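Me: I have a structure open here and have not looked at it before. Can you walk me through some of it?

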Amino acid sequence: MKNSNICSWVKEEQPRFKFDNVGGDVVTNAELLSIIIGSGSTQLNAVELCRELLNSCGQSLARLARMTTAELMRFEGIGKSKALSIRAAFELANRRQAEQAHDIVVVNCFKISIFVLSNTTSHANNTETAKL
């Protein structure tokens, strides 16, 4: 494939422009990854290179996230810096997911506590009423 420089694309089709002005939901996974790595190789632009990366793992972000630095570096155009950038992005995603899971547990624990306390209070009130 011939490298067609992304800068030569129509502005509205460029991954950074689309992400910034239209939103993340319209940008493909390859385009998001291309924003992370910044540039491609002499043969492929960043989007094409990222498509190749995703194709190698069956379009699975989970499989891509499990790739080691050395595995990523097997792709022409992915050096140590780009490989680490990809891995760092997935690590941030993991941390966000862990943080979100923690927030859900805290909220659920709070809701359970309120439920238990309200039932305990209700039960105590009924017991007091029954004693009278």
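Me: Which helix is Thr 69 in?
Reply: This is a predicted model. In it, Thr 69 belongs to helix H5, which covers residues 69-72.

Me: Is Thr 69 buried or exposed?
Reply: Thr 69 counts as buried, because its relative accessibility is 12% and the cut-off for buried is under 20%.

Me: What does Thr 69 touch, leaving out residues up to four places away in sequence?
Reply: With those left out, Thr 69 touches Lys 80, Ala 83, Leu 84 and Arg 87.

Me: Switching to cysteines. How many disulfides are there?
Reply: The structure has 0 disulfides.

Me: OK. Is Cys 7 buried or exposed? And what about Cys 57, buried or exposed?
Reply: Cys 7 is exposed, at 68% relative accessibility. Cys 57 is buried, at 5%.

Me: How many salt bridges does a search of the whole structure find?
Reply: The search finds 2 salt bridges. In general, side chains with opposite charge can pair when their charged atoms come close.

Me: Which residue does Lys 18 form a salt bridge with?
Reply: Lys 18 pairs with Glu 31, and their closest N and O atoms are 3.0 Å apart. The pair links distant parts of the chain: Lys 18 sits in helix H1 (residues 15-21) and Glu 31 in helix H2 (residues 29-37), 13 residues apart.

Me: Are those two buried or exposed?
Reply: Lys 18 is buried, with a relative accessible area of 12%. Glu 31 is buried too, at 6% relative accessibility.

Me: And what does Glu 91 form a salt bridge with?
Reply: Glu 91 bridges to Arg 95, with 3.0 Å between the closest N and O atoms. Both residues are in helix H6 (residues 80-131), and because they are 4 residues apart there, about one helical turn separates them.

Me: How exposed is Glu 91? And Arg 95, buried or exposed?
Reply: Glu 91 is partly exposed, at 37% relative accessibility. Arg 95 is exposed, with a relative accessible area of 55%.

Me: Back to Glu 31. How far is its C-alpha atom from that of Ala 46?
Reply: The two C-alpha atoms are 8.0 Å apart, and the residues are 15 residues apart along the chain.

Me: Where is Ala 46 found, and what does it touch?
Reply: Ala 46 is in helix H3, residues 46-56. Ala 46 is buried, at 4% relative accessibility. Not counting residues up to four places away in sequence, Ala 46 touches Ile 6, Ser 34, Ile 37, Gly 38, Ser 39 and Gly 40.

How values were computed
Residues numbered from 1 in each chain as written. Predicted model: local features only at pLDDT ≥ 70, side-chain atom pairs only at ≥ 80, totals over all residues. Heavy atoms only, no water. Helix = DSSP H or I, 4+ residues; strand = E, 2+ residues; numbered from the N terminus. Buried < 20%, exposed > 50% of the residue type's maximum accessible area, 1.4 Å probe, protein only. Contact = heavy atoms within 4.5 Å. Disulfide = S-S within 2.5 Å. Salt bridge = Lys/Arg side-chain N within 4 Å of Asp/Glu carboxyl O.
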